[in-house]
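The points are grouped by topic.

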Amino acid sequence: MFKNLINGEWLDGHGVSRNINPSDTRDLIGEYAQADAAQAELAITAAAAAFPAWSLSTPQQRFDILDAVGTEILARRAELGDLLAREEGKTLPEAIGEVQRAGNIFKFFAGEALRPGGETMPSVRPGVGVEITREAVGVVGLITPWNFPIAIPAWKIAPALAWGNCVVFKPADLVPGSAWALAEILSRAGLPAGVFNLVMGRGSVVGEKLLNDPRVAAISFTGSVATGQKVAAAAVARMAKFQLEMGGKNPMIVLDDADLGVAVNAAVNSGFFSTGQRCTASSRLIVTDGIHDRFIAAMVEKMKGLKVDDARKAGTDIGPVVDASQLGQDTDYIGIAKSEGGKLAQGGQRIEHNADGAPGFYLTPALITDTTPEMRINREEVFGPVVSVIRARDYEHALALSNDTPFGLAAGIATTSLKHATHFKRHSQAGMVMVNLPTAGVDYHVPFGGRKGSSYGPREQGRYAAEFYTTVKTAYTQA
């Protein structure tokens, strides 16, 4: 039994969640405690009590703790990556890469603890000085999704602690293993009791408590649009600070002048790697007339060579979908697309067992062509290895199609034209733009976030994270 961490103690829960391997559903990874509302309140109380002292801790103390956490994560990346691949289903190289990213994030924010910044300037009044400083917000509630079970917690927890906040962390029910392993590392890093709390449990129980407790000064949430809207409503009702990262229907434009190999590799990586379960995945390919047919043929050929198998097996390109519910959603959308006139050009078949005969949630990556912008497959997020193709007349038409979405997280373009690349970077209505690169590849030291229905509030990651995890104070002094 893996327990919750509350006020420095490992506590049993009031229920159990079974963590199942999607590559082999016979494999039970572990049983994880489920907190009730009383335990969630206990964690909030502990965080609130710890905040006054922790918020005044020295930058050196915070640096040492975060740096030690990052060092241990990096030293254990093979072990933690294996756990991540086993519980979430992304391939082992991808999982180890995610763990590496988590370690780098903690080390980056260890450095930020030593660089809080601030300004001094003269007042417009004689003899008066002005100081502008940043202070911790207070208790922050962090709610994370299942698709990046260690990297997303890292990029929320590390900046929260770096700037002196106390944390109540609720990971996704589906993948508690990586979150628990991270919490266990944090528990030994020298944090005072109550500064960091892990509360595993249902969103309807633990999440509700975080949303509605007046002692929780800020909520950072990554997940579905529907839940994000609920977070926003609850936070606004009590004037709490909130930050949302939600859905995406990310476009990748392929122009006639694109390098075909570059375009295909970027599209396959963006759409299908990590089983397409990335909010930054390119699920809409917008391809101009002159290259359309050659691009589709090259995509199909590339996809035929992708190996779908156990996430931890050497040579696997695509692991399983995370669970039965997500698999059902993926296949439902393939059926909807076909019923609306789309053509299943490649893949989309359910695989009941992997190459070793183990039962799992496997689906061959699906490419759907002959789609039109108004089809549901082009309007709604599938969150799986399902990619649609829209034909465009030219660059201007492709740009209009790419922006024709309620989302605005990431967007990409494959082109050898400096003119079109430059124009697209300025006119794409997305928070992150990639040229001749997969839309799903982002660095840990720069801002992450989108526009429109994808994101709300200050950016995550990099120095911009300070906008959410700190509040600005202006102080005047008469000499």
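The model is a predicted one.

- Strand β8 spans residues 166–170, and five of its five residues are buried.
- In a regular strand, side chains alternate between the two faces of the sheet.
- Strand β7 (residues 139–143) pairs with β8 in the parallel sense, over five bridges.
- Within that pairing, K170 of β8 is the bridge partner of I143.
- Strand β9 (residues 196–198) also runs parallel to β8, and three bridges join the two.
- F169 has L198 in β9 as its bridge partner.
- A right-handed β-α-β unit is made by β7, helix α5 (residues 151–162) and β8.
- A right-handed β-α-β unit is likewise made by β8, α6 and β9.

**A181 in helix α6**

- Helix α6 covers residues 176–187 and contains A181.
- A181 has a relative accessibility of 8%, and therefore counts as buried.
- Leaving aside residues up to four places away in sequence, A181 touches L80 and L83.
- The C-alpha atoms of A181 and G276 are 25 Å apart, and these residues are separated by 95 residues along the chain.

**Helix α3**

- Helix α3 (residues 77–88) has 12 residues, so at 1.5 Å a residue it should span 16 Å; the end C-alpha atoms are 16 Å apart, in agreement with that value.
- The buried residues of α3 are L80, G81, L83, L84, A85, E87 and E88.
- Among the elements covering these buried residues are β3 (16–20), β4 (28–33), α2 (59–75), α4 (92–113) and α6.
- G89 follows α3 and has a positive phi, near 105°.

**Nonpolar cores**

- In soluble globular proteins, nonpolar side chains tend to be buried together.
- The largest nonpolar core has 95 residues, of which I73, F106, I157, L161, L186 and F196 touch the most other members.
- A second, separate core has 25 residues, including L285, I291, V300 and M303.
- I73 touches L80, V99, A102, G103, F106, L182 and I185, not counting residues up to four places away in sequence.

**The antiparallel sheet**

- Strands of a sheet pair through backbone hydrogen bonds, either parallel or antiparallel.
- Three strands in the order β5-β6-β24 form an open sheet with antiparallel pairing.
- Its edge strands are β5 (119–122) and β24 (470–478), each of which pairs on one side only.
- From one strand to the next, the twist averages 20°.
- Four bridges link β5 to strand β6 (residues 128–136) in the antiparallel sense.
- Opposite P122 stands G129 in β6.

Conventions. Residues are numbered from 1 along each chain as its sequence is written. This is a predicted model: local features need pLDDT of at least 70, side-chain atom pairs count only at pLDDT 80 or more; totals for chains, interfaces and linings use all residues. Side-chain values use heavy atoms; hydrogens and water are left out. Buried means under 20% relative accessible area, exposed over 50%, partly exposed in between (1.4 Å probe, protein chains only). Contact means heavy atoms within 4.5 Å. The expected span of a helix is 1.5 Å times one less than its number of residues. A nonpolar core is a set of buried Ala, Val, Leu, Ile, Met, Phe, Trp, Tyr and Cys residues joined through side-chain atoms within 4.5 Å. Two strands pair if DSSP finds at least two bridges between them. A crossover is right-handed if, with the strands pointing away from the viewer, the path from the first strand over the helix to the second runs clockwise. Axes are lines fitted to C-alpha atoms, for helices over the stretch in contact, and angles run from 0 to 180 degrees between N-to-C directions.
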